2 protein chains.
Amino acid sequence: MTEKKTITINGAGLVGSLLAILLAKKGYEVVIYDMRPDPRETKALGGRSINLALSNRGWLALEKAGIAQEIKQKAIPMKGRMMHNTDGKLTFQPYGKSGQAIFSVSRSGLNQTLIEQSSKLETVRYQFDKKCTSVDLDASTLYFTDTNTQKTLSTTYNYLIGSDGAFSPTRAAMQRKTRFNYSQEFLTHGYKELHIPATPEGDFALEPNALHIWPRKQFMLIALPNADKSFTATLFLAFEGRTAFENLQTTANISAFFEQHFPDTLPIIPALVEQFQENPTSSLVTIKCQPWLYHNTLLIGDASHAIVPFYGQGMNSGFEDCYLLDDMLENAKQPILSVFDEFQKQRKKDADAIAELALQNFIEMRDLVADKDFLLRKKIEARLHELYPSNWMPLYSMVTFSHIPYSEALKVGQKQQTIMNDVMQLEGIENNWETIDFSNIKALKQYFT
Amino acid sequence: MTEKKTITINGAGLVGSLLAILLAKKGYEVVIYDMRPDPRETKALGGRSINLALSNRGWLALEKAGIAQEIKQKAIPMKGRMMHNTDGKLTFQPYGKSGQAIFSVSRSGLNQTLIEQSSKLETVRYQFDKKCTSVDLDASTLYFTDTNTQKTLSTTYNYLIGSDGAFSPTRAAMQRKTRFNYSQEFLTHGYKELHIPATPEGDFALEPNALHIWPRKQFMLIALPNADKSFTATLFLAFEGRTAFENLQTTANISAFFEQHFPDTLPIIPALVEQFQENPTSSLVTIKCQPWLYHNTLLIGDASHAIVPFYGQGMNSGFEDCYLLDDMLENAKQPILSVFDEFQKQRKKDADAIAELALQNFIEMRDLVADKDFLLRKKIEARLHELYPSNWMPLYSMVTFSHIPYSEALKVGQKQQTIMNDVMQLEGIENNWETIDFSNIKALKQYFT
């Protein structure tokens, strides 16, 4: 690598601040702009608070940046799904094999650590309180308002990486160029967060090493543990319709809804109605675009592929972007812009695949996880994975615990589904799945060879 | 109808000016804004010049507006496709049954007529030279720049209908509202227009009552007749790649390309290279969005569903929008906003269907029309239509010559394709298709009952 130039990053969120570390370690000068105040001074970062689940793709990037250990100390492993029936009955379903888990982390805590660690590097320079107002892509110029002085500032760049999130100003500038493919698709469902504090005794109010789900077909509640022994619960529900946010306005309606559908949460969510009425109802969007590169400006993370949260892969896919880009820069013999171009070409299909998978998983979480047939399927798949570890990895494991490209996982998952449809038709399968000789089943035989 | 209010229309293109007539006839006061100068003064309307083919859906709306006859006088019937082989051989393929045709019209001429006719109505008021700069949807206010004085103007509205085209400022305002689904998808192909003048003897240079196609698999040239006996030809070609606009820059390249692929056009396109180099290369986009209604503002035509031109249904679908909306207002017992809402709910699936069909037809036009099997299929389908006129209408006829909702046509077309796949497998079909007893074929029997 002979080009030692400055790379400008627009947005110091999770992806931007991680990328700063990786690029700086590679020898680049990095300048990174963000609209928020310096979290090292204020000790608080604004923005979305929805819980995050770190899984293997995310960890790999954090390891490359040398900060995985520090982050793991504050992360809480969740080994599976804990399903809550209306009658209070609990069912636990492991995510993967023994020892495998996804990790609950706080978005703001993680962002804080990433900014702290990256700003220790000599070649990383942060510019906080700079709200990006526009980007002149042809003049390689970023425009900001300084949120303290209200003055307009501008800066030119050699290379710009837009890690400025789902509503990216960098992408907005690209969208004004010709032949920019773009889509934003909102779910008819929205979400609202609710806080479950630690018990008066200072304990977790629910089993901490699980992701809790109250699946109710058309809607669901989930809860993830926090380091302070509280949980953050999130209700996913339609905006409009009979059972919908629009009809949950009054104390009576809200209380009745929770009493009917989530009775076991009543003792652990204090001031439920007040929380419900005060906390915002937010929307869920999938954003796709192409190209991600315009001259010397590249989009990354949510800016290029914002997805719904149901596979827990929003942050993980963004971190994997960083890992892959860094990896390609490492091994590249071409100029940096050719690497950017190669990156977008290679990564687009995987971004599309995880967007698709995330949408599918909403159905699975809210509807199927309470379905008997579905649970049997999962058990059989887990057994196949045990028996044939290198030949059969369930889709969830491919996405969560492997580094198989998302597009490959989606394809293999579809094939597996066809086979499992056959397996589920086998006479007596519900009784003999633990003893049956799968190697004699035709569909599986073909799949394995 | 007891509400006699003013409806404001943003955009006096084909759809806006037709809608003005229909609404005025229904008793509404109509104010219509456009950025262009008054065509009755300048005798020229700017904007896109790509040829238009009027078909039954468009005619029905024009009839309702009482201006079909006037427009038909200047329209040229095209009874089928005239395919041009590289060796100059011509093949004619009728579009429908005897007597059926689509009609070539000039965009600017048609727009001029619509504006002239609508401005004769007492309750229609035009405001030209008003470039819309923004729309405040919540304050029901439109902002303009007067292109003569450069002054900023604003006006409030009771109801606004945005017929302001594929790059609609009205839609842009909606896009800034939450939960607005939106996509813009560009083809990798672009287009360039070329002029084929009348011959020195004052005749058409090609058969006038046909749409000419030079299908060349990955690209194609088409030509539509004009009233002045010229033709407008359009080359559809990839922007990038080996055979692509990017590689047609020099005189030598352009000449060689036409000599190789369209030799029979060389004698009839004068100053080919100059035209090619001077005329712009334009892009082709499909735009979808939802909802089309925000409070008292409705999108219509290209503003709500811009499609690629390959089925000749862009204008026709916009005119059908006008017809349907007008029809619903006529029969409605609800307030106008409920009608707007009903319209968008009913029409969206049809807009999506014609978008899909238009994309599919590009493949058909550039690739399949020169395919032997495909031509046989078309002949068999035409025969089925002849034998069973009420049971088998080919997809092209459903779209072009009927008023069957586009979504229904798409569905029936898919079913027909499956059946035709079977029919094409019949032993000896290429020889006996004119004599075979179709009523004995199982797939068809099932379809007919």
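Analyst: In this predicted model, the residues of α11(A) that meet α13(A) are A:Asp373, A:Leu376, A:Arg377, A:Ile380, A:Glu381 and A:Leu384. On the side of α13(A), the partners are A:Gln416, A:Gln417, A:Met420, A:Asn421, A:Val423 and A:Met424. Sorted by kind, the residues of this contact are six nonpolar, three polar and three charged. Helix α11 covers residues 372-387 of chain A and helix α13 covers residues 406-425. Their axes come within 11 Å and cross at roughly 110 degrees. An angle from 65 to 115 degrees counts as roughly perpendicular, so α11(A) is roughly perpendicular to α13(A).

Next comes the meeting of the two chains. Here 15 residues of chain A are in contact with 15 residues of chain B. About 1300 Å² is buried between chain A and chain B, and carbon and sulfur atoms give 37% of that area. Six residue pairs are in polar contact between chain A and chain B, counting pairs with both residues at pLDDT 80 or more. Strand β13, residues 181-196 of chain A, gives the most to the side of chain A that touches chain B, with eight residues. That side of chain A divides into five nonpolar, seven polar and three charged residues. Two salt bridges are found across the interface of chain A and chain B. One salt bridge joins the side chains of A:Glu240 and B:Arg179, at 3.6 Å from N to O.

Side chains of opposite charge can pair when their charged atoms come close. Over all chains, the count of salt bridges comes to 36. Among them is the pair of A:Glu330 and A:Lys26, at 2.9 Å from N to O. A:Glu330 lies in helix α9 (residues 314-331) of chain A, while A:Lys26 is in the loop between α1 (14-25) and β2 (29-33), so this pair ties together parts that are 304 residues apart in sequence.

Most residues other than glycine have a negative phi, and most peptide bonds are trans. The peptide bond from A:Gln290 to A:Pro291 is cis, with omega near 0 degrees. A:Pro291 sits in the loop between β17 (282-290) and β18 (293-294) of chain A. In chain B, a cis peptide bond joins B:Gln290 and B:Pro291, with omega about 0 degrees. B:Pro291 is in the loop between β17 (282-290) and β18 (293-294) of chain B. A:His295 is not a glycine, yet has a positive phi of about 50 degrees. A:His295 is placed in the loop between β18 and β19 (297-299) of chain A.

How values were computed. Residues numbered from 1 in each chain as written. Chains lettered and ligands numbered in written order. Predicted model: local features only at pLDDT ≥ 70, side-chain atom pairs only at ≥ 80, totals over all residues. Heavy atoms only, no water. Axes fitted to C-alpha atoms, helices over the stretch in contact; angles between N-to-C directions. Helix = DSSP H or I, 4+ residues; strand = E, 2+ residues; numbered from the N terminus. Parallel < 35°, antiparallel > 145°, perpendicular 65-115°, else oblique. Contact = heavy atoms within 4.5 Å. Nonpolar A, V, L, I, M, F, W, Y, C, P; charged D, E, K, R; others polar. Buried area = accessible area lost by both parts, 1.4 Å probe. Salt bridge = Lys/Arg side-chain N within 4 Å of Asp/Glu carboxyl O. Polar contact = N/O pair within 3.5 Å; in protein donor to acceptor, adjacent residues only side chain to side chain.
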